[in-house]
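Me: I would like to go through a model feature by feature, with the cut-offs stated as we go. Please show it.

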Amino acid sequence: VQLQASGGGLVQAGGSLRLSCAASRSILSMPAMNWYRQAPGCQRELVAGIKSDGRTNYADSVKDRFTIARDTTYNTMYLEMNNVKPEDTAVYYCNAYYMFKNYWGQGTLVTVSS
């Protein structure tokens, strides 16, 4: 499985950004897909996840601001980021769990200016 993340960039605090993660195969059978992020000098952390049945989970720091979704027609997962804050600055990685393995995209940089 190959994952291609895109959509990162520079955004002002309070603004919005949408990240995309395109998969090389059908995501219908993937039990879980996630977004992680890693800020400079910090460990990679889970931002949001979505299960095959549509259940979602979020880190407390992004609840009510970020929304994770997936479109099985286009085999793509999204992360809608609203009211972004400087502390959201990080490289964002998409992740998929499939056939007992974890797969990672290459990461997309999000920079939030104050």
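**Salt bridges, core and surface**

Reply: Asp-60 forms a salt bridge with Lys-63, and their closest N and O atoms are 3.2 Å apart. The term salt bridge stands for a side-chain nitrogen of Lys or Arg within 4 Å of a carboxyl oxygen of Asp or Glu. This is a predicted model, in which local features need pLDDT of at least 70 and side-chain atom pairs count only at pLDDT 80 or more, while totals for chains, interfaces and linings use all residues. Residues are numbered from 1 along each chain as its sequence is written, and side-chain values use heavy atoms, with hydrogens and water left out.

Me: How many salt bridges does a search of the whole structure find?

Reply: The search finds five. One of them joins Asp-53 to Arg-55, with the closest N and O atoms 2.7 Å apart. Another joins Asp-88 to Arg-65, at 2.8 Å between the closest N and O atoms. This pair links distant parts of the chain, 23 residues apart: Asp-88 is in the loop between S8 and S9, and Arg-65 is in the loop between S6 and S7. The strand labels come from DSSP: helices (H or I, at least four residues) and strands (E, at least two) are DSSP runs, numbered from the N terminus.

Me: Which residues are linked with Asp-88 in a network of salt bridges?

Reply: The network consists of Arg-37, Glu-45, Arg-65 and Asp-88.

Me: Are Asp-88 and Arg-65 buried or exposed?

Reply: Asp-88 has a relative accessible area of 0%, so it is buried. Arg-65 is buried as well, at 8%. In the Asp-53 pair, Asp-53 is exposed at 51% and Arg-55 is exposed at 54%. In the Asp-60 pair, Asp-60 is exposed at 66%, whereas Lys-63 is partly exposed at 43%.

Me: How should I read the nonpolar core, and which residues touch the most other members?

Reply: A nonpolar core is a set of buried Ala, Val, Leu, Ile, Met, Phe, Trp, Tyr and Cys residues joined through side-chain atoms within 4.5 Å. The largest one here has 29 residues, and Trp-35, Leu-79, Met-81 and Tyr-92 touch the most other members. At least two residues each come from strands S1 (3-6), S3 (17-23), S4 (32-38), S5 (45-51), S7 (66-71), S8 (76-81), S9 and S11 (108-113). S9 gives the most, with five residues.

Me: What does Tyr-92 touch?

Reply: Contact means heavy atoms within 4.5 Å. Leaving out residues up to four places away in sequence, Tyr-92 touches, among others, Leu-19, Trp-35, Val-47, Phe-66, Leu-79, Met-81 and Val-110. Its contacts also include Arg-37, a residue of the salt-bridge network.

Me: Which side chain makes a polar contact with the side chain of Asn-95?

Reply: A polar contact is a pair of N or O atoms within 3.5 Å; within protein, one must be able to donate a hydrogen and the other to accept it, and residues adjacent in sequence count only if both atoms are side-chain atoms. The side chain of Asn-95 makes such a contact with the side chain of Asn-102, at 3.1 Å. A polar atom of the Asn-95 side chain also lies 3.4 Å from the backbone oxygen of Tyr-103. Asn-95 is in strand S9 and is buried, at 1% relative accessible area. Beyond four places in sequence, its neighbours include Leu-3, Met-33, Met-77 and Trp-104.

Me: Which residues other than glycine have a positive phi?

Reply: Asp-64 is one of them, with phi of about 70°. Asp-64 is in the loop between strand S6 (56-58) and S7, and is exposed at 82% relative accessibility. Asn-75 is another, with phi near 50°. Asn-75 is in the loop between S7 and S8 and counts as buried, at 19%.

Me: Which residues form a nonpolar patch on the surface?

Reply: Patches are made of residues with over 30% relative accessible area and no salt bridge; like charges are joined within 9 Å, and nonpolar side chains (Val, Leu, Ile, Met, Phe, Trp, Tyr) within 5 Å. Tyr-97, Met-99 and Phe-100 form the nonpolar patch, with about 390 Å² of accessible area together. Accessible areas come from the Shrake-Rupley method with a 1.4 Å probe, and for residues only the protein chains shown count as cover. Phe-100 is in the loop between strand S9 (90-98) and strand S10 (101-104), and is exposed at 73%.

Key:
Buried means under 20% relative accessible area, exposed over 50%, partly exposed in between (1.4 Å probe, protein chains only).
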